[in-house]
Amino acid sequence: MPDLRVGAAEVVRQLTGPNSANRTDRWNVHGTDLGHMFRHKGALYMVFGDTFGADGGAWRSSTMARITEPPGSFDFAQMIEGPDGSAKELIGSAKLPGFEWTVIPTNGISLGDRMVLHYMSVRMWTSNGRWLVRRSGLAYSDDDGWTWHRSPAAVWPNGVGFEQVAFVDLGGMIYSFGIPAGRFGEVRLRRVGRDAIFDPAAYRYWDGSGWVPDHRAAAAVVPAPAGELSVAWSETHRRWLMMYLDEVQAAIVLRMADELTGPWSKPQTVAQARDYPGLYAPFIVPGDALDDAVSFTMSRWKPLYNVFLMKAPLHYETPVIAAAGDGSSTNTASS
């Protein structure tokens, strides 16, 4: 089979900030990050992490936008607002360094009428690409994102290895790829029935050959280092795509697999820090065709601290076989 290759990503548009097409300063969003997405009741919702107003004020640990149709427009119809019209904080945080500095949503999913966000409670930011987590858990909204509640049952202590996750809803099961706090851990995989998502005891972990109840037996499906990640299915190419930040290489990379459990292919570079300084958090747009290109959001750190829509081409690399007896070697060509 020919190899599926990904090309270098390019900026489509800036999605957040005063200079963006969405002019999110209308909601007092001057700087924010992440921008992972899920579809709910026919609309696309985009969730952000730490969000700030002008000059770094009006700190909120998480905010969310609803994106209008037609698909692919990425025009914000609205943000979840407070009484003053500013984008409001979804999941409250203590904002106490050493205890709970902030609460960051790492991915979201829709379960019919209910929205669910996975979050990590950050105890302390430390060095670049490293931080300490107090615990992780699930929060939910039953009114399309306007009010959120932390589930008292769906809580995991630090060190489980799923402090950050990427959800996949497949065949009545919710799969979550997990990485520990920071950007230097391995990727592991767990799953749970849709109706048991709030019950930590119901989760089963992939140990390399089967599903087991002990998280300590979870095997690495992708080796370290992996930062913020996302996973999506390409119907056109009949394979899964995984995108994440490789902090060591200072690059966003893409891997592919026929099955969620792997084996996952070698990483291919999608974007590099030399072209986009401070890049991180690549999140594939859910529901896209993923045929000749992959669209994703990407965050950039100082001095930009905003979210960008990116696009990288997908193409097959097929072998070119030299005519018999001409003495030529086998090369490859893109199609």
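Tutor: Leu-290 is buried, with a relative accessible area of 2%, where buried means under 20%, exposed over 50% and partly exposed in between (1.4 Å probe, protein chains only). The model is predicted, so local features need pLDDT of at least 70 and side-chain atom pairs count only at pLDDT 80 or more, while totals for chains, interfaces and linings use all residues. Residues are numbered from 1 along each chain as its sequence is written, and side-chain values use heavy atoms, with hydrogens and water left out.

Phi of Leu-290 is positive, near 50°, and the residue lies in the loop between β21 (279-284) and β22; strands here are DSSP runs of E, at least two residues long and numbered from the N terminus. Most residues other than glycine have a negative phi, and most peptide bonds are trans. Ala-250 also has a positive phi, of about 55°, and it sits in the loop between β18 (239-246) and β19 (251-257), but Ala-250 is partly exposed at 31% relative accessibility.

Two peptide bonds are cis. The bond from Ala-224 to Pro-225 has omega near 5°, and Pro-225 belongs to strand β16 (residues 222-226). The bond from Lys-302 to Pro-303 has omega near 0°, with Pro-303 placed in the loop between β22 (293-300) and β23 (306-320).

Turning to the surroundings, the largest nonpolar core has 49 residues, of which Phe-74, Phe-76, Ile-252, Val-270 and Phe-296 touch the most other members; such a core is a set of buried Ala, Val, Leu, Ile, Met, Phe, Trp, Tyr and Cys residues joined through side-chain atoms within 4.5 Å. The strand that gives the most to this core is β23, with six residues. Apart from this core lies another, of 21 residues, including Val-222 and Leu-260. Leaving aside neighbours within four places in sequence, Ile-252 is in contact (heavy atoms within 4.5 Å) with residues including Met-243, Leu-245, Val-270, Leu-279, Phe-296 and Met-298.

Elsewhere, four strands form an open antiparallel sheet in the order β3-β4-β5-β6, two strands being paired if DSSP finds at least two bridges between them. Because β3 (34-40) and β6 (76-79) stand at the edges with a single partner strand each, one side of each is left without a neighbour in the sheet. Six bridges join β3 to the antiparallel strand β4 (residues 43-48), and Arg-39 stands opposite Leu-44 in β4.
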